[in-house]
Amino acid sequence: MKPKRPISLMLLAIVLASTTLPSCGGESDVQESGTTDTTQQAAETNALTGSGLEVRDWGGKTFNVMTSKPGSDGHSFRNFEVYATEENGDIVNDAVYRRNMTLETLLNVNITETPIPTELTGGDIRQAVLAGDQMYDLAFARSYEVGQLALEGNLYDMNQLEYVDYTKDWWDKLVIENAEVEGKLFFASSAFDLHAKKRTYMLLYNTDLAVKYQIGNIADTVREGKWTIDKQIEYVKLVSSDLNGDSKMDLDDQYGLVLGDMKDLQYYFVAAGGKIAKKDENGKIQLTMNNDRTIQLIDKYLKMSGPDYTVSPSRFKSYDDSYAVFWRGHALFYDGILSSVESASSRANFDYKALPLPKLDEEQRQYYTMMDNIGLLFCVPVNAPDPEFTGYMLEALSYVSDSTTLPTYYEKCCKIKSVYDEDSAEMIDIAMSGQICDIGFLYNIGGLASILNSDIPSGTKNTFMSRYAAREEKAKQNIADIYEKLNELS
């Protein structure tokens with residue numbers, strides 16, 4: 001997505017002043033009536049001015065969103081941007097609450113959610129459609145399942161929604177451009193969808209170790225366009241050390257990099273500008289994965305991710321034990337998602353900064369990233385009760401979120417040990433401006449993603465060519481099937 005605006009101190013001062021959000025842990029200004037001065041003032045001055053929407057009285061209609069909550073998988077991948085019961089001092093929660101109160105007052109609506117365990121979101125949409133249950137005006141589902149949901153006929157073509165205007169700045173255009181096929185759009189993201197940002201890959205780095213090893217401020221390297229995987233490999237090797245002197249690298253030693261999970265190769269692939277598939281000038285899906293840059297990237301990644309330099313949960317059979325190496329100050333880099341930056345303040349007793357993932361080489365035009373396959377995109381069930389209402393509310397929420405909840409969330413992520421860090425703010429801006437949505441991942445074309453997120457990482461050799469060759473014909477057939485199923489939905 002393109003950045004809505006730079007995450008600067010001046011911007012945040014304007015945003016926070018206009019919404020009168022409390023600071024973390026501060027007192028809320030909720031009045032006895034249950035409304036806030038901000039809500040009343042925004043309603044009176046029309047919070048939708050500039051959106052292109054006319055204010056409508058919806059007669060008390062309820063806008064019900066199916067959201068994700070932690071389920072039996074034990075992971076906290078919940079939506080946090082849709083609904084808040086009350087103000088509690090957390091700046092993001094309070095921004096969500098106030099945004100909703102503003103729109104509810106202005107439009108005479110009720111905004112609510114129906115939380116579903118994360119691993120059941122796709123199945124629940126299927127079940128609701130099959131049963132003819134018109135519970136949901138909007139639904140969130142994991143990025144790796146939305147493509148199949150669409151091809152099965154469970155989702156409404158969002159290009160048919162009234163009121164939405166995907167050319168506006170509050171829509172994530174790179175997501176929409178890649179998700180749209182044959183003029184149909186079944187899932188999307190906007191300023192309203194914070195979960196897709198939260199699950200987007202970035203790096204944290206230990207600046208104390210960087211000073212110790214005379215690495216300097218890597219943010220400057222990013223600005224110069226020289227932050228490449230070769231540079232990261234250099235630093236990873238420089239810092240790695242057998243601290244306990246037992247001639248083997250274990251969890252008590254010092255590493256250059258802590259990996260988030262086995263799927264990290266696919267995020268470095270995207271950071272290098274790679275895509276499994278993309279649309280050509282005629283809008284047709286073409287396979288684009290098989291090229292020299294992919295081979296180079298995998299070679300470099302394997303060089304960096306070896307056991308002498310890198311900690312991974314797959315090697316040590318524990319996410320918590322592996323991540324703890326970084327949080328103890330015994331690793332230079334941590335390859336995680338934006339929510340890792342958000343939570344780092346309470347976990348690290350050292351100084352750190354955020355970074356985008358590295359480019360493949362200096363000739364690469366920009367830095368890229370993507371959300372992981374648990375990142376949530378929103379969609380509209382094909383049997384939504386009132387698509388006109390859905391379109392209106394989605395545009396309204398996206399517009400208002402662009403100046404309230406989105407910059408507030410970024411501001412929270414840029415708090416380094418509770419102090420706003422301008423370097424990290426700029427690095428997050430740079431990363432998010434290159435957020436890619438790969439149609440090959442969204443529709444799991446040919447199972448090609450598994451080459452990157454399981455097959456190659458589970459070994460030590462670059463077996464890309466043989467693995468790709470074994471899947472290429474299936475991938476081509478998958479593309480043909482996508483077009484056939486989309487035509488059947490017309």
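# Sheets, helices and burial in a predicted model

The protein's secondary structure comes to 21 helices and 13 strands; helices (H or I, at least four residues) and strands (E, at least two) are DSSP runs, numbered from the N terminus. The model is predicted, and local features need pLDDT of at least 70, side-chain atom pairs count only at pLDDT 80 or more, and totals for chains, interfaces and linings use all residues. Residues are numbered from 1 along each chain as its sequence is written, and side-chain values use heavy atoms, with hydrogens and water left out.

Student: Which residue of β2 is the bridge partner of phenylalanine 63?

Tutor: Strand β1 (residues 61-69) and β2 run parallel and are joined by 9 bridges. Across this pair of strands, the partner of phenylalanine 63 is isoleucine 111.

Student: How are α4 and α5 oriented relative to each other, and what is the handedness of the crossing?

Tutor: The axes of α4 (residues 121-131) and α5 come within 10 Å and cross at roughly 20°. Angles under 35 degrees count as roughly parallel, over 145 as roughly antiparallel, 65 to 115 as roughly perpendicular and the rest as oblique, and α4 and α5 are therefore roughly parallel. A crossing is left-handed if the near helix is turned anticlockwise from the far one by less than a right angle, and right-handed if clockwise. The crossing of α4 past α5 is right-handed.

Student: Which residues of α5 meet α4?

Tutor: On the α4 side, the residues are Thr121, Gly122, Ile125 and Arg126. Their counterparts in α5 are Glu145, Gln148 and Leu149.

Student: Which residue of β8 stands opposite valine 258?

Tutor: An open sheet of 5 strands has the order β8-β5-β9-β4-β10, with mixed pairing. Strand β5 (residues 255-258) runs parallel to β8, and 2 bridges join them. Opposite valine 258 stands valine 311.

Student: At what angle does helix α14 run to β9?

Tutor: Helix α14 (residues 319-327) lies across β4, β5, β8 and β9. Its direction relative to β9 is about 125°.

Student: How many disulfides does the structure hold?

Tutor: A disulfide is a pair of cysteine sulfur atoms within 2.5 Å. For cysteine 413, the closest cysteine sulfur is in cysteine 414 at 6.6 Å, which is too far for a bond. The number of disulfides in the structure is 0.

Student: How many residues of helix α17 are buried?

Tutor: Buried means under 20% relative accessible area, exposed over 50%, and partly exposed in between (1.4 Å probe, protein chains only). Cysteine 413, at 0% relative accessibility, counts as buried, and the other buried residues of α17 include Tyr409, Tyr410 and Glu411. Helix α17 (residues 405-413) is largely enclosed by the rest of the structure, because its buried residues number 9 of the 9.

Student: How many residues of helix α18 are buried?

Tutor: Among the buried residues of α18 are Asp423, Met427 and Asp429. Helix α18 (residues 422-432) is largely enclosed by the rest of the structure, since the buried count is 8 of the 11.

Student: What is the phi of tyrosine 163?

Tutor: Most residues other than glycine have a negative phi. Tyrosine 163 lies in the loop between α5 and α6 (173-179) and is partly exposed, at 30% relative accessibility. Its phi is positive, near 80°.

Conventions:
Two strands pair if DSSP finds at least two bridges between them. Contact means heavy atoms within 4.5 Å. Axes are lines fitted to C-alpha atoms, for helices over the stretch in contact, and angles run from 0 to 180 degrees between N-to-C directions.
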